[in-house]
Structure formats: C-alpha cells, structure tokens
Amino acid sequence: MKLHLSGFSEQNMFTGYGTGYVMVNQTRYERSLIILPDRILENWEAATFEQLTAEHFELLLPLQPEMVLFGTGATLRFPHPSLTKTLIASKIGVEVMDTNAVCRTYNILTAEGRRVAAALLI
C-alpha cells in the first residue's frame with residue numbers, strides 16, 4: 001500500500017508498506033528497524049518474534065520516546081510482559097499492532113507532534 005503525505009515534513013514518515021517491506025520517506029526497508037521522527041535505526045537485531053529479548057526493547061530507552069509502537073509483522077502477537085517491563089517502568093507507553101497498522105498510526109501521531117518510536121519486525 002502506498003501512503004500519501006498531506007504536506008512537506010522533515011520528519012521520518014511511512015510512505016508505503018507491503019509484504020516483507022516498509023517505505024520511509026520513499027526508501028524501502030526489508031529488515032527489522034526502529035523509526036523515530038528524527039532518526040532511523042536500521043537492522044534492528046530483533047529479526048523474528050521468537051528471538052525477542054528484553055534487551056531489544058531496552059535499546060529504546062535512551063531514545064526517550066513517549067510511546068513505542070511495536071509492529072509484530074503480518075500477524076498481531078503480544079510479547080511477554082517481561083520483555084517490555086523496563087519501558088513501562090520508565091513511563092514509556094507500549095502499543096502492539098501488526099506492522100501495517102503501526103505504519104498508519106505512527107504517521108498520525110508524528111503529524112500531531114508526538115515523540116513516538118516504531119519498532120518493526122519485517
């Protein structure tokens with residue numbers, strides 16, 4: 001699916017997604033990654049849902065998002081609470097969705113000026 005931006009923005013925004021990829025600012029990514037309005041962390045080492053550890057989520061702490069949108073791939077799956085407890089304890093919200101839903105939600109929240117991180121399994 002191709003997404004259309006309503007105006008010019010210097011922030012990272014999703015411009016498309018499909019099976020096995022997402023597009024940010026017209027650049028295609030086919031590996032797990034973390035997107036914030038002002039930076040992209042390519043090749044997030046969380047390659048599969050089964051490989052997730054607490055350390056994968058703790059990597060987000062120094063980025064200081066107010067919320068993390070965790071995209072679980074094509075299928076919605078909820079991580080064990082022990083994996084995200086450090087984020088919750090730090091008062092960082094965590095929302096879990098399939099990756100396509102994260103792309104849409106991230107764009108809306110970023111356009112509202114929110115400091116949101118999208119952590120995506122591709």
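Q: Is Ser32 buried or exposed?
A: Ser32 is buried, at a relative accessible area of 4%. Buried means under 20%, exposed over 50%, and partly exposed in between, with a 1.4 Å probe and protein chains only.

Q: Where is Ser32 found?
A: Ser32 is in the loop between strand 3 (27-29) and strand 4 (33-36). Strands are DSSP runs of E, at least two residues, and helices are runs of H or I, at least four, both numbered from the N terminus.

Q: What is Ser32 in contact with, leaving aside neighbours within four places in sequence?
A: Its partners include Glu42, Asn43, Trp44, Leu120 and Ile122. Contact means heavy atoms within 4.5 Å.

Q: What sort of model is this?
A: It is a predicted model, where local features need pLDDT of at least 70, side-chain atom pairs count only at pLDDT 80 or more, and totals for chains, interfaces and linings use all residues. Residues are numbered from 1 along each chain as its sequence is written, and side-chain values use heavy atoms, without hydrogens and water.

Q: How many helices and strands are in the protein chain?
A: Three helices and eight strands. From the N terminus the order is β-β-β-β-β-α-β-α-β-α-β.

Q: And what box do the C-alpha atoms fill?
A: Roughly 40 × 30 × 20 Å, along the principal axes.

Q: What share of the protein chain is buried?
A: Buried residues are 47% of the 122.

Q: What about contacts between residues 24 or more positions apart?
A: They account for 62% of the protein chain's contacts with a separation of 6 or more.
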